Amino acid sequence: MAVDRDDHSKDHFITPQQLCIGLHIHLDLSWMDHPFTFSSFKIKSLDQIATLQSLGLERIRYSPSKSESEPLAQPTGEISPPPPPALSKEDDPAYKAKRERIQRLTEQRTRVNACEREFQSATKAIKAITQNLFARPKESYEAARGLAETMVDSMLTDADVAITLMNDKAGNEDVYFHSLNVAVLAMMLAKELKAPAEAIKSLGVGALFHDIGKVEIPDKVVRKTDPLTHAEQQLMQQHVIYGLEIGKKLELSGEVMAIVAQHHEHADGSGYPRGLQGNQISLLARIVTIVNAYDNLCNPPNPAKAMTPHEALSVMYAQQRAHFDANALSVFIRCMGVYPPGSIVVLSNETIGIVVSVNSTRPLKPTLLVYDPAVPKEEAILVDLEQEADVTVARTLKPQQLPRPIFEYLSPRRRVTYYFDAEPGGAPSA
């Protein structure tokens, strides 16, 4: 699965008898025809050498520049006795581990598909809520509360909540993704802050309605990709006031109204509309402020100005930290991981992949969809770094840095859109 940047005209080949620890080898086989997680890796044990020799290959490709040792000399003179018969694929522990990995992959794909269906359903629900806002306000409020309750009930079922990158198959409904992103991330953060279930439900409703005042702002201003003029900025800031007027018609609760009113206030008093600071801002609004800022950095109106998830968290911590509740920001960064979903990463074995989910209890061990030209894109391999002790993330890339074949294979999203997957087997929440 590694992206080999070597010119294949300069490939080096050795026989299986020349293998030794420290060589970086490439298996020119289908992923299903060998027991290893990656098709390209550095040999670390005699057991790996024995398994490689049992594959029946006449020669094996390797990279001198990535190796820590030289191949063994080619045996001369007497012909070496053939290696002992390899274990059958049924009995070989390496193949058994590969079968278990494939089973986990199948189960994970099933969960991802279920998560995608839930995401599409939630997106359609938000669209209906927005469209019915003025014609049937009470119905819109009840629908929003029902959606929030459904998500919270699922999120609190298991201890492990994985934030998962979505495929954005909702056509032109990306206008609704921001509200859904903010709701999902805010509820995840509130769960990690151990907020009570009822508060998380109110938070979900507030997050879904936090930008509702923008329905009163001309679309050409809301969607403008060039910098806003001073007058346009002032108009845009009015969405908070418009949101409060709409919230009164919807008879939103005090907690929800506080989110609508305060989601642009900053802990240091630099926000709007009232310049509140610190504990003058409700805790639920402080949570929404963080995830709203994050999603706006990742998904601005002009996609060319979008930051990678990794960059957005770095900017929030390094440059904007004073704007946010310190404890909530720290927990949010921990939950999203050093490499949030949507990040393009290069692993220590030169594999390139896109982070598709991160578990809040294992933030340094995300799950990746990895590039392997030998595997069809539709069957791309998911690798859980928690299961791969020898592999780490080496660095991140911007999507535009990817060679076109890898870009098309990984398909980085134009928008970074999330939902959540409550993984089975976690301890029930108290």
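**Terms and values**

Mentor: UniProt, in an unreviewed entry, places the feature "domain: HD" at residues 175-297. Its positions are in the numbering used here, its feature names are shortened, and its annotations may be inferred rather than shown by experiment. This is a predicted model, in which local features need pLDDT of at least 70 and side-chain atom pairs count only at pLDDT 80 or more, whereas totals for chains, interfaces and linings use all residues. Residues are numbered from 1 along each chain as its sequence is written, and side-chain values use heavy atoms, with hydrogens and water left out.

Trainee: What is the helix and strand content of residues 175-297?
Mentor: The span is 63% helix and 0% strand, and its end C-alpha atoms lie 15 Å apart. Helices (H or I, at least four residues) and strands (E, at least two) are DSSP runs, numbered from the N terminus. By that rule the protein chain has 13 helices and 11 strands.

Trainee: How many residues of the protein chain count as buried, as a percentage?
Mentor: Of its 430 residues, 51% count as buried. The term means under 20% relative accessible area, with exposed over 50% and partly exposed in between (1.4 Å probe, protein chains only).

Trainee: What span is expected of helix α8?
Mentor: The expected span is 1.5 Å times one less than the number of residues. Helix α8 (residues 239-250) has 12 residues, and its reach of 16 Å from first C-alpha to last is close to the expected 16 Å. Just after α8, Glu251 takes a positive phi of about 60°.

Trainee: Which residues of α8 are buried, and why are they said to line one face?
Mentor: His239, Val240, Gly243, Ile246, Gly247 and Leu250 are buried in α8. Seen down the helix axis, the buried residues of α8 fall within an arc of 120°, so they line one face. The arc is that of the directions from the helix axis to the C-beta atoms. On the other side of α8, Lys248 and Lys249 are exposed.

Trainee: What do the buried residues of α8 pack against?
Mentor: They pack against α3 (137-155), α5 (197-209), α7 (230-237) and α9 (254-262). Contact means heavy atoms within 4.5 Å. Among contacts in the protein chain between residues at least 6 apart in sequence, 71% join residues at least 24 apart.

Trainee: What makes β6 and β7 a pair?
Mentor: Two strands pair if DSSP finds at least two bridges between them. Strands β6 and β7 (residues 352-359) have 3 bridges in the antiparallel sense, and Ile344 stands opposite Ile354 in β7. The two strands form a hairpin with 4 residues between them, and Glu350 in the turn has a positive phi of about 75°. Strand β6 is also joined by 4 bridges to the antiparallel β10 (residues 393-397), where Arg395 stands opposite Val346.

Trainee: Which way do the residues of β6 point?
Mentor: In a regular strand the side chains alternate between the two faces of the sheet. In β6 (residues 344-347), Ile344 and Val346 point one way and Val345 and Leu347 the other, and all are buried.

Trainee: How many bridges join β7 to β8, and β8 to β9?
Mentor: Strands β7 and β8 (residues 362-370) run antiparallel with 5 bridges, and 2 residues separate them in a hairpin. Leu369 in β8 is the bridge partner of Ile354. Strand β8 is joined to the antiparallel β9 (residues 382-384) by 3 bridges, with Asp384 in β9 as the bridge partner of Thr367.
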